[in-house]
Amino acid sequence: MYGGQQESGSVGIASRGNDGQITFREWHPVGVEEYGYVAADPLDPNIIYGGKITKYDKRTGQVQNISPEPVRSGKYRFLRTAPVLFSPLDPKTLFFAGNDLFKPRDGVKNWQVISPDLSRESWDVPASVGIYSTSDLKTMP
């Protein structure tokens, strides 16, 4: 199992131990941020993706930044918990989301934008929120 740990980075842990218990010896970091999504490659369980976005190889312990925009220009924006997941229809396809949705073109060396900008133009409360769109909500810090 893989996941982020508040204030402790990320973890990969066995679902059972060899000696009838799970001990600290089964916990290993997987190169993802403490609050990031974690996605194991369904075709290679030694490769783990996550965060904003990294690729971790369990065999070597190497972590690579594979972001579609390694040096931030402001064109793409990512939340603290940017979604990272594999397609349920094609286990070779990894998706990564910010204000645009990305998928890799050739492995994970180059990314392709497959959506328009998904962010809102303003921070106003959308009309679809209905009864929760009150003046108190608009002034809430």
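Reply: Glu33 has a relative accessibility of 27% and therefore counts as partly exposed (buried is under 20%, exposed over 50%, and partly exposed in between, with a 1.4 Å probe and protein chains only). The model is predicted, so local features need pLDDT of at least 70 and side-chain atom pairs 80 or more, while totals for chains, interfaces and linings use all residues. Residues are numbered from 1 along each chain as its sequence is written, and side-chain values use heavy atoms, without hydrogens and water.

The side chain of Glu33 meets that of Lys52 in a salt bridge, at 3.3 Å from N to O (a side-chain nitrogen of Lys or Arg within 4 Å of a carboxyl oxygen of Asp or Glu). Because Glu33 sits in the loop between strands S3 (27-28) and S4 (38-40), and Lys52 in the loop between S5 (47-50) and S6 (54-57), the pair ties together parts 19 residues apart in sequence. Strands (E, at least two residues) and helices (H or I, at least four) are DSSP runs, numbered from the N terminus.

The structure holds four salt bridges. Another joins the side chains of Asp44 and Arg59, also at 3.3 Å, N to O. It links distant parts of the chain, 15 residues apart: Asp44 lies in the loop between S4 and S5, Arg59 in the loop between S6 and S7 (63-65). Asp44 is partly exposed, at 22%. Together with Asp57, Asp44 and Arg59 are linked in a network of salt bridges.

Asp117 and Arg77 form a further salt bridge, their closest N and O atoms being 3.6 Å apart. This pair links parts 40 residues apart: Asp117 in the loop between strand S11 (111-113) and helix H1 (135-139), Arg77 in the loop between S7 and S8 (84-86). Asp117 is partly exposed at 43%, and Arg77 is partly exposed at 40%.
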